[in-house]
Every structure is written in structure tokens, then in C-alpha cells.
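Hello,

Here is the structure I said I would pass on. Please open it first, then read my notes below.

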Amino acid sequence: MNRHLAIVPAHNEAGAVAATIHEIREAVPDFDVLVIDDGSTDETAERARAAGARVIRLPFNLGIGGAVQTGYVWAAEHGYDVAVQVDGDGQHDARHLPDLLARLRTAPRVDMVIGSRFLQRDNGGDLSSATRRAGITVFSKLLSLITGQPVTDPTSGFRMVNRTGIELFARDYPHDYPEVEAVLLIHAHKLRSCEVPVRMRPRRTGQSAISSTKPIYYMVKVLLAVFIGLARRHVAVEPGDTVVQSPPAL
Ligand SMILES: Nc1nc2c(ncn2[C@@H]2O[C@H](COP(=O)(O)OP(=O)(O)OP(=O)(O)O)[C@@H](O)[C@H]2O)c(=O)[nH]1
Ligand SMILES: [Mg+2]
């Protein structure tokens, strides 16, 4: 078994999931690919299996946070050293995975590397609506202020963590719209994150989780969660902590 895992959350992504898996395998052949089929009603799971991925099918739709955390629990239980989230809709270009891994390995004491579409000028164009862009600007300023370092792409779900990050996220991961809160969680535990430039593409097929009115709900919900998160007590995660108890032998 490889020591590196790609976690691919997918909800009704039958049109894009196979190409996403092939791209990951081509870019980083030494990563295992785990698709979390989040209660899809289409052929996402069948197509992912046919493309060679391992698939966990959730019994009903848990939402992106629950889907991704399922991947982290799997990674923690199976002893992976590195895990990366890659959206099943084809937006994350897997050719950047070696860059993320190189940064995780070489940057001093970095536990999470985030792919940012705003660090390079040629980022494939801005794919977001005006309301979404406004939200990204607000969260970028807020997270930069709280963490004391630039966070240019707070809603990017293209992120890679080391073993300490896997153990933290297996234990605690935000539920809906998790990306902003997950950056804060890392910093609240005195872990570190950094960004590398990536290109992102428009989703190939399927439906976005964020409809036209949702960005406003997202902003209010995540802002509240950020302020509540600041007041929460966080237990330090040390490398080697047991996060997930093994089930007793039968
Ligand atoms: N829509 C949706 N996506 C989910 C869910 N659970 C897992 N996902 C997957 O999570 C990934 C990210 O969701 P998206 O809807 O693409 O969110 P996004 O990338 O911020 O939004 P877009 O830029 O509009 O694509 C996709 O691969 C989805 O298939 C869910 O409950 N709803
Ligand atoms: Mg997407």
C-alpha cells in the first residue's frame, strides 16, 4: 500500500469522476485514490470503481465536510502519511500535486499546503460570481488577520496535509462549507499552513453546491463559525496521537 492518499469527495459527479481519477493516477502514481461517494443518485460510485479507485459509499448525503472527514478517518486508520483533497468535479488540476507535495516536504514545519488560484496571474480566469468573489475577499482578509500570514484563497478545497493534519482532521472537521474554518482549525492547534499557486478549471459537468443565493448564507454562517471558533478551546495534536481507536478484534 502507498503512504499517500488522494481523497476525492463526489456527489453526483458521474460525468467527471473517472477523468479526475485518471488524472490523479497519471500525475502521482504513488498515491492511492479514495472516492467518497456522498449519497449520489447517479453512477458516480460505479464509474469511480471502474476507473480504479477505492470507493466508500455514504448511505445518504452528508455534505462536503462529512464526506471529506470520512476520507481523513480512513487515512488515519490506514496509516497514511500524506493526504490531499481533490474535488471530483474536475476543477482541481492534478498536475499540481507534485508541487503541493514538494512544498509539504521542504517547507519548514508546514502541516497543510493549499493550492491558491490567486497567486499567479494566469489562473485560467476568474470563475466565480461577484458575490462569491466578495466572500472570498472578506475571508481572505479575515484569515490573514487572524493567522498573521497571507491567505489568498480561503475557500480552495485543493489542499494537502501531513500525518499531523490527517490526525487533526480525522478528529475534528467542519461540516458545511468547511474550507475557511479548516484553516483556522490548523492555526488554532499551532500547526502551520502555506499556499502554492495553482490553476483551477470550471466544473466539467454536474451541479455546484453553491447556488446563486447561497454565497450570502455561506458568508453569514462561516463568519459566525469563525468567531465561535476563536472562542473554542483546542486540544493540541501531537504527532503520533491516536485519533481513531482500532475496533476490537472479533
Ligand atoms: N454539491 C455537493 N458537492 C459535494 C457534496 N458532498 C461532496 N461533494 C463534492 O465536493 C466537491 C466540491 O463541491 P462543489 O459543489 O464543486 O463546490 P465548489 O467547487 O466550491 O463549487 P463550484 O466552483 O461551483 O464547483 C465536488 O467534488 C462535489 O462532488 C454535497 O453534499 N454537495
Ligand atoms: Mg467544484
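This is a predicted model: local features need pLDDT of at least 70, side-chain atom pairs count only at pLDDT 80 or more; totals for chains, interfaces and linings use all residues.

Helix α1 (residues 17–27) lies across β1 and β2. Its angle to β2 is about 160 degrees.

Now the sheet. Seven strands form an open sheet with mixed pairing, in the order β3-β2-β1-β4-β6-β5-β7. From one strand to the next, the twist averages 20 degrees. Seven bridges join β1 and β2 in the parallel sense. One bridge partner to look up is F31 in β2, which pairs with H4.

Next, the packing. The largest nonpolar core has 36 residues. Which of them touch the most other members? Y72, I166 and F169 do. Several elements each supply at least two residues of this core, including β1 (4–10), β2 (31–37), α3 (64–77) and α8 (214–231). Beyond its neighbours within four places in sequence, Y72 contacts I7, A83, Q85, V161, I166, F169, A170 and Y173. There is also a second, separate core of 32 residues, with A6, V33, A107 and M160 among them.

Last, the chain as a whole. It has eight helices and seven strands. Of its 250 residues, 50% are buried. The accessible surface is about 11900 Å², and carbon and sulfur atoms account for 55% of that. Of contacts between residues at least 6 apart in sequence, 78% join residues at least 24 apart.

Best wishes

Conventions
Residues are numbered from 1 along each chain as its sequence is written. Chains are lettered from A and ligands numbered from 1 in the order in which they are written. Side-chain values use heavy atoms; hydrogens and water are left out. Helices (H or I, at least four residues) and strands (E, at least two) are DSSP runs, numbered from the N terminus. Buried means under 20% relative accessible area, exposed over 50%, partly exposed in between (1.4 Å probe, protein chains only). Contact means heavy atoms within 4.5 Å. Accessible areas come from the Shrake-Rupley method with a 1.4 Å probe; for residues, only the protein chains shown count as cover. A nonpolar core is a set of buried Ala, Val, Leu, Ile, Met, Phe, Trp, Tyr and Cys residues joined through side-chain atoms within 4.5 Å. Two strands pair if DSSP finds at least two bridges between them. Axes are lines fitted to C-alpha atoms, for helices over the stretch in contact, and angles run from 0 to 180 degrees between N-to-C directions.
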